[in-house]
Amino acid sequence: MHVLLVYAHPEPRSLNGSLRNFSVGRLEGAGHVVRVSDLYAMKWKASLDAGDSTARQADARFDPSLDSRRAFESGLQSRDIALEQDKLLWADALILQFPLWWFSMPAILKGWVERVYAYGFAYGVGEHSDARWGDRYGEGTLAGKRAMLVVTAGGWESHYGPRGINGPIDDVLFPIQHGILYYPGFDVLPPFVIYRTSRIDEARFSGICDALGRRLDDLWKTPPIPFRPQNAGAYEIPALTLRPDVSPEQSGFAAHIGQEATGAPVSGLP
Ligand SMILES: Cc1cc2nc3c(=O)[nH]c(=O)nc-3n(C[C@H](O)[C@H](O)[C@H](O)COP(=O)(O)OP(=O)(O)OC[C@H]3O[C@@H](n4cnc5c(N)ncnc54)[C@H](O)[C@@H]3O)c2cc1C
């Protein structure tokens, strides 16, 4: 299988750097072909702007969405954007690995998403009608591929528990897992989160690698998070709210997750 690992940490000798090296070795050892987009090493341009199209009039008003669509449709995207899109199309699975910075991904990775997820590629895909609201949330260009987050966090696991001060980790990661990964079609696996990173010695690092290795071994077996598909009947169109009879007792992020999938356990951090 083909795995694309998009990695965002400025220091190769960091915990993230060690885990990236471990993951590449484990996946290649299992016979997968791995490509790494090491965003800091690539000096990835994080800002979406008029320069993302190779042919536009200098004095034209810049429209982030429409310029993106024009450049995508006419093959005039900046080369770095097109190359990352090709990698996504090549991949059977995507891993986004990053340290949690201010409750989200580092800016360089957010900029990768903003620029690579062009209009016509990751959004603005498919028909809009009374029955469908585009190919998104379970459908889209990247449907049939799997995605997983590998995230390190300074906070403790309890800080991200159901009543933890930081909010539950599933809520913190919802905009990434649902909004960025499920939206263009990925099946999203439960995240692999390493908490309390300031307290890592050789023994704990070894246990983390064991657990991460099992998750990588199971990349094609682990049941995805059962997010509800947009166009399969659970949502009213065009309001895009859940039908009143679908989990009426639920609201917020959790309401967009359907029946629990059954299968192998997916956690297992030491
Ligand atoms: C701007 C910013 C915002 C942040 N926001 C948040 C936030 O919102 N929420 C939150 O929870 N945290 C936050 N943090 C903390 C951040 O998530 C952690 O600092 C980060 O996840 C640690 O990952 P690292 O790769 O930088 O670890 P490192 O600092 O490189 O390493 C962490 C520990 O692992 C050990 N280690 C590294 N490699 C190995 C190895 N090969 N073998 C054994 N031990 C090893 C190191 O010795 C060190 O003790 C923030 C930090 C910053 C800088």
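A crossover counts as right-handed if, with the strands pointing away from the viewer, the path from the first strand over the helix to the second runs clockwise. By that rule, β1, α1 and β2 make a right-handed β-α-β unit. Helices (H or I, at least four residues) and strands (E, at least two) are DSSP runs, numbered from the N terminus.

This is a predicted model, where local features need pLDDT of at least 70, side-chain atom pairs count only at pLDDT 80 or more, and totals for chains, interfaces and linings use all residues. Residues are numbered from 1 along each chain as its sequence is written.

**Strand β1 and its partners**
- Five of the six residues in β1 (residues 2-7) are buried, meaning that 20 or more other C-beta atoms, placed from the backbone, lie within 10 Å of a residue's own.
- β1 runs parallel to β2 (residues 33-38) over six bridges, with H2 opposite V33; strands pair if DSSP finds at least two bridges between them.
- β1 also pairs with β3 (residues 93-99), again in the parallel sense, over five bridges, and here V3 sits opposite A93.

**Around the ligand**
- There are 19 residues around the ligand, and S14, P99, T152, G154 and G155 come nearest; a residue is near if its C-beta atom, placed from the backbone, lies within 6 Å.
- α1 (15-29) and α6 (202-217) are the elements that give two or more residues to this shell, and α1 gives the most, with three residues.

**What the record says**
- An unreviewed UniProt entry annotates residues 1-202 as "domain: Flavodoxin-like fold"; such annotations may be inferred rather than shown by experiment.
- That span is 31% helix and 15% strand, with its end C-alpha atoms 31 Å apart.

How values were computed:
A residue is buried if 20 or more other C-beta atoms lie within 10 Å of its own, exposed if 12 or fewer, and partly exposed in between; C-beta atoms are placed from the backbone.
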